[in-house]
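These are my notebook entries on one structure. I set down what I looked up, entry by entry.

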Amino acid sequence: MEIHNRKVAIIGAGFVGSSIAYALTLKNLANEIILVDIDKKKAEGEALDIQHGISYMGRSSVRAGDYSDCSDCDLIVVTAGRNRRKGETRLDMVQDNLKIMDSVVSKLKKHYTRGAIIIISNPVDILTYYVDKKMGLPNGRVFGTGCILDTSRLIRELANYTGLSTEVVKCNIIGEHGDTQIPVWSRLAIAGVPMDEYCQNVGLRWDDSVREQLYSKVKTMGSTIIEDKGRTHYGIATCVCSLADAVLNQRLTIASVTTPLTGQYNINDVALSLPSIIGVNGVENRLVEYLSNDEYKALQISSKKMKETIASIKI
Ligand code: NAD
């Protein structure tokens with residue numbers, strides 16, 4: 001496929017930012033990738049390292065730049081922020097990363113002309129809400145990766161449990177990208193067949209204890225990886241490729257990402273993940289499906305927790 005004007009700026013050239021640049025390059029999703037970091041030398045080193053394999057495959061140009069390169073971008077990806085330390089929750093980073101986000105937004109605002117903005121830094125729901133407020137763009141233009149990675153992890157676990165490939169598992173995790181996330185079990189399907197029916201057909205156990213085991217594994221997966229290697233970055237970089245494909249190539253997709261909600265499930269003025277239609281302008285719509293009573297209640301709890309966090313910080 002011919003590459004047109006697919007300019008992507010990545011703010012923050014740490015583990016996550018450079019893994020995203022690398023993944024975008026391998027998938028040939030961007031024409032021009034610019035890494036922006038307060039540590040310019042690091043951004044330069046990462047850009048050179050990524051660029052050096054392109055002679056054999058791929059066509060993207062990758063370079064280090066500054067905030068002025070954020071003008072005329074199709075997509076801006078924000079990964080600036082410190083990482084979770086062992087034993088921390090994502091919300092424990094809120095004040096530190098809010099400060100960083102404040103400096104990012106004040107510079108970005110001066111140069112932003114167009115394009116979708118994806119927030120990745122954690123706590124992603126709070127920071128997405130914050131950047132959306134500060135940028136003042138149409139709703140959906142700023143969105144966060146939210147529960148896309150959690151959903152991807154759950155799909156992986158369900159594929160392992162059923163012995164099927166990931167493509168046939170259809171499910172979503174919604175709400176906070178954190179401890180109050182909600183797996184929407186009531187809508188889980190295998191190639192369109194409700195999970196209960198599928199498991200009955202093939203004689204597989206499907207009860208609260210199986211669900212609880214899968215849920216707790218997925219919910220703690222991020223901290224398990226941080227315990228093992230200090231950080232996570234490949235998983236989110238791969239997920240961002242599918243979002244970038246939707247934005248840059250107008251290949252509309254649906255993923256559980258976070259945006260400030262506008263009345264969905266009676267929730268306003270807080271960013272949470274719902275399955276969302278993603279295209280050139282970012283999140284173009286959100287899907288409101290029938291949830292079970294428990295799932296609905298759990299989503300309200302997620303919303304309350306995020307609102308309390310927003311109220312406790314200075315925005
Ligand atoms: P990192 O420390 O490796 O990289 C962060 C980079 O941001 C550094 O290079 C730093 O110099 C840069 N930076 C700091 N302030 C900046 C500013 N004002 N402008 C430009 N650059 C700035 O951390 P990482 O492992 O890449 O993680 C980045 C963030 O992504 C963390 O907040 C982490 O929690 C988050 N994360 C989110 C997900 C998700 O699913 N949403 C997954 C993994 C990591």
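**Entry 1: a surface patch**

I looked up Tyr-22 and found that it counts as partly exposed, because its relative accessibility is 45% (buried means under 20% relative accessible area, exposed over 50%, partly exposed in between, with a 1.4 Å probe and protein chains only). The model is predicted: local features need pLDDT of at least 70, side-chain atom pairs count only at pLDDT 80 or more, and totals for chains, interfaces and linings use all residues. Residues are numbered from 1 along each chain as its sequence is written, and side-chain values use heavy atoms, with hydrogens and water left out.

Tyr-22 belongs to helix 1 (residues 15–26); helices (H or I, at least four residues) and strands (E, at least two) are DSSP runs numbered from the N terminus. With Leu-26, Tyr-56 and Met-57, Tyr-22 makes a nonpolar surface patch of about 510 Å². Such patches take residues with over 30% relative accessible area and no salt bridge, nonpolar side chains (Val, Leu, Ile, Met, Phe, Trp, Tyr) being joined within 5 Å. A salt bridge is a side-chain nitrogen of Lys or Arg within 4 Å of a carboxyl oxygen of Asp or Glu. Areas come from the Shrake-Rupley method with a 1.4 Å probe.

Beyond four places in sequence, Ser-302 touches Gly-175, Glu-176, Thr-180, Ile-182 and Leu-272 (contact means heavy atoms within 4.5 Å).

I then turned to Asn-122, in the loop between strand 5 (116–119) and helix 4 (124–135). Asn-122 is also buried, with a relative accessible area of 18%. Its contacts, leaving aside neighbours within four places in sequence, include Arg-90 and His-177.

**Entry 2: aromatic rings**

How many aromatic pairs does a search of the whole structure find? I recorded three. Rings of Phe, Tyr and Trp (its six-membered ring) pair if their centres lie within 6.5 Å; planes under 30 degrees apart count as stacked, over 60 as edge-to-face and the rest as tilted. Tyr-161 and Trp-206 form a tilted pair, because their planes stand at 45°, with the centres 6.3 Å apart. Tyr-161 is in helix 5 (residues 148–162) and Trp-206 in the loop between helix 6 (195–202) and helix 7 (208–219), so the pair ties together parts 45 residues apart in sequence. Tyr-161 is partly exposed at 27%, whereas Trp-206 is buried at 13%. Ring pairs link Tyr-161, Trp-185 and Trp-206 into a cluster.

Terms used:
Patches are made of residues with over 30% relative accessible area and no salt bridge: like charges are joined within 9 Å, nonpolar side chains (Val, Leu, Ile, Met, Phe, Trp, Tyr) within 5 Å.
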